[in-house]
Amino acid sequence: MIRLFRSKIVLALSLMVLVLSFGVIGYKLLADYTWIEAFYMTIITVTTVGFSEVRPLDAEAKIFTVFLIVTSVFIFGFAISVVTEYILARNSIEALKKKRVKKEIDNLTNHVVVCGFGRNGMQAADKLMAYKKPFVVIEKDKEIIERYAEEVLFVEGDANEDDVLLEAGIERAQYLITAVPDDAANLFIVLSARQLNRDLFIISRASQVTSLKKLQFAGANKVIMPDKIGGDHMASLVVMPDLITFMDKLSVEGEHTTNLEEVEIEDFSNQMDCNSIRDLDLRRKTGCTIIGYIDPDGTYIINPEADLKLEPKGKVIVLGRPEQIRKLNEMFQIG
């Protein structure tokens with residue numbers, strides 16, 4: 001619809017330029033005016049301001065003036081109506097979009113709230129989309145919001161403000177990722193979010209080492225330093241390049257494919273007896289291999305034994321090719 005209005009505006013502007021050019025050329029030829037005089041006469045004629053002529057007009061010039069007035073009235077009237085309609089329609093469309101986005105956000109539960117849509121925020125959003133995890137982004141840069149509005153749910157505003165966090169559904173959210181470049185801003189966001197949702201799992205970015213403990217004290221469950229991770233990653237590519245490249249490929253191989261999956265034991269226990277890893281028998285059924293187990297207390301066990309006793313609140317980490325992971329998800333209706 002906006003494209004249609006824009007094409008109408010282009011048409012209206014083109015007609016206005018055409019009628020002005022027609023008037024200037026007409027007065028130049030019929031009344032023998034100079035270019036400046038012809039332009040002046042055209043402007044006062046099409047705007048109907050009522051100033052007197054530069055010089056008296058003969059019969060042909062007067063007929064031309066009448067024709068120019070009638071033509072310009074219709075064309076300028078058309079232009080004004082198009083611009084007015086465009087402004088009203090744009091406001092209506094924006095209002096409908098905001099209403100739709102608000103309704104979608106209000107329907108979300110156990111979602112992720114991402115604060116900031118810079119480099120790290122975008123990477124977090126890409127990962128969440130790959131895993132089909134619902135999320136809302138809080139961003140105050142209107143240009144960024146307009147650029148990505150078709151792909152991402154945005155709340156426009158400052159994440160430091162409680163009203164903005166509430167609009168993003170912070171009370172119903174499961175996770176908060178604050179990826180703002182300023183550590184002080186992240187600190188205030190963590191404090192505000194923790195006050196609004198005590199059960200929220202908060203992951204915060206930090207730029208300075210001195211900010212780590214402050215963010216944790218404020219309520220962040222995990223604090224990530226992207227610069228430190230990047231430096232370690234680059235150094236690791238020097239000392240063990242093949243291993244690091246292999247590990248990179250495990251996370252996300254393509255836009256919507258993954259080689260790793262985290263599955264709760266309850267997802268299996270609803271459909272089969274699974275007292276141990278051997279009972280799951282995922283290798284034979286799906287081709288996937290269990291490479292880790294997380295017990296209900298949060299203890300990580302790497303490469304668990306086949307006879308390891310499984311608990312309902314525990315989780316298994318599964319490794320497999322994308323098609324094997326898809327088979328696993330389809331077989332047990334995961335995700």
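A residue counts as buried under 20% relative accessible area, exposed over 50%, and partly exposed in between, with a 1.4 Å probe and protein chains only. This is a predicted model, so local features need pLDDT of at least 70 and side-chain atom pairs count only at pLDDT 80 or more, while totals for chains, interfaces and linings use all residues. Residues are numbered from 1 along each chain as its sequence is written, and side-chain values use heavy atoms, with hydrogens and water left out.

**Stop 1: the annotated spans**

Zoom in on residues 9-27: the span is 100% helix and 0% strand, with end C-alpha atoms 27 Å apart. Helices (H or I, at least four residues) and strands (E, at least two) are DSSP runs, numbered from the N terminus.

**Stop 2: helix α2**

Select residues 35-46. How far apart are the end C-alpha atoms of helix α2? They are 16 Å apart, which agrees with the 16 Å that twelve residues should span at 1.5 Å a residue. The expected span is 1.5 Å times one less than the number of residues. Colour Ala38, Met41, Thr42, Ile44, Thr45 and Val46: these are the buried residues of α2. Then step to threonine 48, which follows α2 and has a positive phi, near 50°.

**Stop 3: salt bridges**

Side chains of opposite charge can pair when their charged atoms come close. A salt bridge here is a side-chain nitrogen of Lys or Arg within 4 Å of a carboxyl oxygen of Asp or Glu. The structure holds eight.

- Select arginine 100 and glutamate 104. Their closest N and O atoms are 2.7 Å apart. Arginine 100 is partly exposed at 42%, and glutamate 104 is partly exposed at 34%.
- Select lysine 102 and aspartate 106. Their closest N and O atoms are 3.0 Å apart. This pair is also four residues apart in α3, so about one helical turn separates them. Lysine 102 is partly exposed at 47%, as is aspartate 106 at 38%.
- Select glutamate 262 and lysine 315. Their closest N and O atoms are 3.0 Å apart. This pair links distant parts of the chain, 53 residues apart: glutamate 262 is in strand β7 (residues 260-264) and lysine 315 is in strand β10 (residues 315-319). Glutamate 262 is partly exposed at 44%; lysine 315 is partly exposed at 25%.

**Stop 4: a nonpolar patch**

Select Val238, Val239, Met240, Leu243, Phe246 and Met247. Together they make a nonpolar surface patch of about 620 Å². Patches take residues with over 30% relative accessible area and no salt bridge, joining like charges within 9 Å and nonpolar side chains (Val, Leu, Ile, Met, Phe, Trp, Tyr) within 5 Å. Areas come from the Shrake-Rupley method with a 1.4 Å probe; for residues, only the protein chains shown count as cover.

Colour by helix. α9 (226-239) and α10 (241-251) each supply at least two patch residues. The largest share, three residues, comes from α10. Finish on valine 239, in helix α9. Is this residue buried or exposed? Valine 239 counts as exposed, because its relative accessibility is 66%.
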